[in-house]
Amino acid sequence: MTPRIYNFSAGPAVMPLPVLEEAQRDMLSLPGIGMSVMEISHRSRTFAEIFEQAESGIKELMGVPDNYHVLFLQGGASLQFSMVPMNLLPKNESADYIITGSWGKKALKEAKRSGTVNVAATMADGGFTRIPEADELNLDPQAAYVHITTNETIEGVEWKREPAVGETPLVADASSDILSRPIPVEKYALIYAGAQKNMGPSGVTLVIIRDDLLKRIPDGLHTMLDYRTHVEGKSLYNTPNTWGIYIISLICKWLRDKGGLSEMRRENEEKAKLLYDAIDATDFYLGHADPDSRSIMNVTFRLPSEELEKKFAAAATAQGLDGLKGHRSVGGIRASIYNAFPRAGVETLVSFMEAFERKNR
Ligand SMILES: Cc1ncc(COP(=O)(O)O)c(C=O)c1O
């Protein structure tokens with residue numbers, strides 16, 4: 001086998017090796033079943049058990065209260081940009097959007113198609129380098145909901161705590177920091193996340209929705225776009241991504257064995273600190289996000305020129321450090337260091353950065 005390299009990709013991203021090994025071992029035949037997970041009915045008892053492990057895994061790890069539903073849908077976080085306003089933004093009301101980066105902008109664009117939207121804050125002017133302070137938020141107390149992006153994957157800025165939104169339901173796109181640390185789920189009305197960074201393969205979207213929100217959903221939505229369909233059908237209204245849900249069940253088990261989300265946060269903060277310390281140690285590297293808003297998942301930084309950035313990414317790839325080129329919309333360098341990314345890989349990158357600076361300063 002070609003040796004595995006350090007994969008800094010923003011997503012789909014690195015997976016825990018024990019999960020890949022277990023999936024590989026059971027690929028042709030699940031123990032005692034004689035068929036692959038991809039070959040069995042989504043209505044079979046075997047799949048019901050796998051589904052239950054994924055669902056209870058998420059509930060236990062995240063401490064999801066009983067009045068929430070955990071759904072495994074398809075269409076990516078991008079479809080949630082539309083489903084959230086279609087379900088929760090009535091025609092005569094307005095929703096608040098706090099824009100801290102590129103994904104928030106995309107969510108806003110879709111919400112505008114559904115109804116009235118108030119941009120409660122946008123950090124675009126500063127180039128999306130920080131999370132707004134409480135006094136910078138122009139919140140509408142009557143808003144149908146407030147939408148945030150807990151971690152902006154492209155710019156590398158992350159909310160460290162929830163904004164104070166009073167009684168207004170808080171909706172979050174948590175695609176790139178879900179399961180990276182404990183979060184108080186009860187402060188949110190709805191959380192959604194594509195699986196392909198910290199939770200599993202692409203093709204499954206987690207939605208955690210508080211039960212009372214279902215009453216707000218207007219009648220007449222297309223069946224597949226109505227959250228009630230998936231709550232009533234327990235995510236099995238149509239054929240779900242069985243393989244993706246299976247991998248999520250394995251990742252939940254891996255996370256539990258590691259000590260859960262508090263332990264994950266400890267490891268993630270340590271890994272991120274190694275990199276941010278390396279960036280701060282020199283003026284050759286310039287961190288994109290303000291220190292208070294720095295993501296522990298996506299570490300973004302610049303070099304003195306675009307030419308050097310290209311050289312850096314290419315030289316890193318040649319040394320088995322892949323996926324460091326920043327998103328095409330903002331450039332620079334981005335090191336995505338999700339849960340499964342090993343600390344040794346971060347240490348290798350830090351050594352590479354030091355050597356690269358010595359040669360190219
Ligand atoms: C924060 C965030 N939101 C939304 C998306 C879009 O997700 P998907 O490709 O699953 O639609 C991404 C993808 O990388 C993301 O990082």
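This is a predicted model: local features need pLDDT of at least 70, side-chain atom pairs count only at pLDDT 80 or more; totals for chains, interfaces and linings use all residues.
1. Residues are numbered from 1 along each chain as its sequence is written, and side-chain values use heavy atoms, with hydrogens and water left out.

2. The term stands for a side-chain nitrogen of Lys or Arg within 4 Å of a carboxyl oxygen of Asp or Glu. Side chains of opposite charge can pair when their charged atoms come close.

3. Have a look at Arg181 and Asp177, whose closest N and O atoms are 2.9 Å apart in a salt bridge. Arg181 is buried, at 12% relative accessible area, and Asp177 is buried as well, at 4%. Here buried means under 20% relative accessible area, exposed means over 50%, and partly exposed lies in between (1.4 Å probe, protein chains only).

4. Glu309 and Arg302 form another salt bridge, with 3.0 Å between the closest N and O atoms. Glu309 is buried, with a relative accessibility of 7%, whereas Arg302 is partly exposed at 29%. Elsewhere, salt bridges with shared partners link Glu263, Arg266, Glu270, Arg343 and Glu347 into one network.

5. A further salt bridge joins Lys258 to Glu267, at 3.3 Å from N to O. Its Lys258 is partly exposed, with 27% relative accessible area.

6. On the surface, you will find a patch of negative charge made by Glu133, Asp135, Asp290 and Asp292. Patch residues have over 30% relative accessible area and no salt bridge, and like charges are joined within 9 Å; Asp and Glu count as negative, with the charge placed at CG of Asp or CD of Glu. Asp135 sits in the loop between strand 4 (116-122) and strand 5 (146-149), and it is exposed, at 69% relative accessibility.

7. Finally, which residues of helix 1 (residues 17-25) are buried? They are Val19, Glu22 and Ala23. These residues lie on the same side of helix 1 because they cover an arc of only 100° around the axis, taken from the directions from the helix axis to the C-beta atoms. The face turned away from the buried side of helix 1 carries the exposed residues Gln24 and Arg25. Helices (H or I, at least four residues) and strands (E, at least two) are DSSP runs, numbered from the N terminus.

Conventions: Patches are made of residues with over 30% relative accessible area and no salt bridge: like charges are joined within 9 Å, nonpolar side chains (Val, Leu, Ile, Met, Phe, Trp, Tyr) within 5 Å. Accessible areas come from the Shrake-Rupley method with a 1.4 Å probe; for residues, only the protein chains shown count as cover.
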